[in-house]
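These are my notebook entries on what I looked up in the structure. I set them down in the order in which I worked.

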Amino acid sequence: MADEVILLDYWVSPFGMRVRIALAEKGIKHEYREEDLRNKSPLLLQMNPVHKKIPVLIHNGKSICESLIAVQYIDEVWNEKSPLLPSDPYQRSQARFWADYVDKKIYEVGRNLWTKKGEEQEAAKKEFIEALKLLEQELGDKTYFGGDKIGFVDVALIPFYTWFKGYETFGNINVEKECPKFIAWAKRCMQVESISKSLPDQDKVYGFIVEITKKFGLE
Amino acid sequence: MATANQEEVRLLGKWASPFSNRIDLALKLKGVPYKYFEENLANKSDDLLKYNPVYKKVPILVHNGNPIAESLIILEYIDETWKNNPLLSEDPYERALARFWSKTLDDKILSAIWNACWSDEKGREKAVEEALEALKILEDEIKDKKFFGGETLGLVDIAANFIGYWVYILQEIAGLELLTLEKFPKVYKWSQEFINHPVIKEGLPPRDELFAFFKASASK
C-alpha cells in the first residue's frame, strides 16, 4: 500500500523548512499544502488542535506536530537511507541538545533583531552573535554538524539562514564578519540538494520581512 | 536489572525541582544505581559549570564522564542506554506522540499552572484561566487511560510529575483550586495512579518538606 504523506506548511517558516529538508533527504513523495495562517484550514485545526500551528506532517491520516518531532519521526520510519540522527545514544543526546538550543535561541533572538529597536535590539544583536559563535564552536572542524553528511542539527539550523538577509539588514549586523565559519558552513549546506531545493530564496524571505515590518509599523 | 560494568552514573540536581526529579524517577524505574549530588544554585559547583556551560542549570546526568543536560533529552538518553522497563514505545508514531506531549507539558502546560500559582492580584484571573485551559488539554488527552503511555507508566507520565505531585502543593499554598477531582476527574485519577506507583512513591521528594520549601519561597 502506498504511503500517503501530506505536509501542512507555510513557505517562509523555518520550522516547516526543516520537515521539507528531511522529506527531501529521504526521497519521500509527499503533497505540500500551503496554509493561509490568517485563515487556517479545517484540516490544520483538526490535525493540530492543541497548538493550531504548522508544520504538521500527516502520514496515512495520522498527524505529527512540532518540527523536530516530525523530523525524528521521518528518520525513524524511513530508516533505510540518509540517517539524520547518529546511532550512538550519547551522540544522539548531543544532537538533540543542539537542535533544542537552536529552538530556544535562534528563532526568538533572530526575531527580536527585526522586531525590536534601541536597547532591546542591541541586546538581541549581542545574544545572536554569541549563539552563532557557540554553534561555530560546536561545529569545530566538521564539514557539517552531522559529520561528513548533514544531520539533525544541520536540518534544525540551516532554515534560519534564509532569514539572514532580514536579520542583517534590520538588525544592522554583519554575520560573515563576526562568524565566518558559520557562513562557510551555511554555504556548504546550500550545496546539498535536499537543502537547496527545500528552502526559499533569501531575497524572497527578505521581501516578506519588509512587507511585515511595513504592515505592522516596525520599521 | 541494569548492567553495571564499571559504569559511573551521577546526577547533579535540586531536590525540590520537578525537572531534576524526572531523572531520579527514570533511573529508579530502570534500577540504575547512581550517585546524587545536590547543587546549590546560589553557589554553583565547578562540575555544574563544566558539565553544562551553555545553560548552567540542573539536572545534569553524567554517565562515564559524559554529561547530558535538559531533562527530556536526558530521559531519552536513559531510555536508549538502559533498555529494561522502556519509557517509550517501539512504534515511531507512539514515540512521536509521547515526545509531543512531553514537549507540550514543558512549553505550555507547566508554565501556565506555575504562573497561576505565583500570580499577583492583578494577573491572577487571566493566569488561572490559562491554567485551567492547560489542564483541560490534559484531561482531553488522558481520556480513560491508566497512564499517558497506556497500561504502563512511560515518558509522558514522568514528564508530568509536576502535574501529579507539585501542583497540589503549589495550589494549596496559593489558595487556588486548579486540579481537583470535580474539575478534572481524569487527570485527578491519573495523578493518584502516578503517586501510588511503587517506584514513583519512593522517588518523589517528601511532601512536607516540599510544602515548607515552596511556602518559604512564597513569603519572600
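I take helices (H or I, at least four residues) and strands (E, at least two) as DSSP runs, numbered from the N terminus. The model is a predicted one, in which local features need pLDDT of at least 70 and side-chain atom pairs count only at pLDDT 80 or more, while totals for chains, interfaces and linings use all residues. Residues are numbered from 1 along each chain as its sequence is written, chains are lettered from A and ligands numbered from 1 in the order in which they are written, and side-chain values use heavy atoms, with hydrogens and water left out.

**Entry 1: helix H4 of chain A**

I looked up the bend in H4(A) and found a kink of about 25 degrees, centred on A:Val102. I then checked the length of this helix, residues 89-115. At the N-terminal end I found A:Asp88 as a cap, with a side-chain oxygen 3.1 Å from the backbone nitrogen of A:Tyr90.

**Entry 2: annotated domains**

I consulted the UniProt record, whose positions are given in the numbering used here, with shortened feature names and annotations that may be inferred rather than shown by experiment. In an unreviewed entry, UniProt places "domain: GST C-terminal" at residues 88-216 of chain A. I noted that this span is 74% helix and 0% strand, with end C-alpha atoms 47 Å apart. For chain B, UniProt lists "domain: GST N-terminal" at residues 7-86, also in an unreviewed entry. That span of chain B is 38% helix and 21% strand, and its end C-alpha atoms lie 20 Å apart.

**Entry 3: chain B as a whole**

I counted 10 helices and four strands in chain B. The elements run β-α-β-α-β-β-α-α-α-α-α-α-α-α from the N terminus on. Along the principal axes, the C-alpha atoms fill a box of roughly 50 × 45 × 30 Å. Of the 220 residues of chain B, 53% count as buried (under 20% relative accessible area; exposed is over 50%, partly exposed in between; 1.4 Å probe, protein chains only).

**Entry 4: helix H5 of chain B**

I found a kink of about 25 degrees in H5(B) as well, centred on B:Ala127. The buried residues of H5(B) include B:Ala131, B:Leu135 and B:Leu138. Among the elements that cover the buried residues are helix H4 (92-118), helix H7 (161-174) and helix H8 (185-196) of chain B. B:Lys136 also lies in helix H5 of chain B, but counts as partly exposed because its relative accessibility is 44%. Just after H5(B), B:Lys143 takes a positive phi of about 45 degrees.

**Entry 5: A:Glu66**

I located A:Glu66 in the loop between strand S4 (62-65) and helix H3 (67-77) of chain A. Which residues does A:Glu66 touch, not counting those up to four places away in sequence? I found A:His51, A:Pro55, B:Phe100 and B:Lys103, where contact means heavy atoms within 4.5 Å. The side chain of A:Glu66 makes a polar contact with the side chain of B:Lys103 (3.3 Å). A polar contact is a pair of N or O atoms within 3.5 Å; within protein, one must be able to donate a hydrogen and the other to accept it, and residues adjacent in sequence count only if both atoms are side-chain atoms.

How values were computed
The bend at a residue is the angle between axes fitted to the seven residues ending there and the seven starting there.
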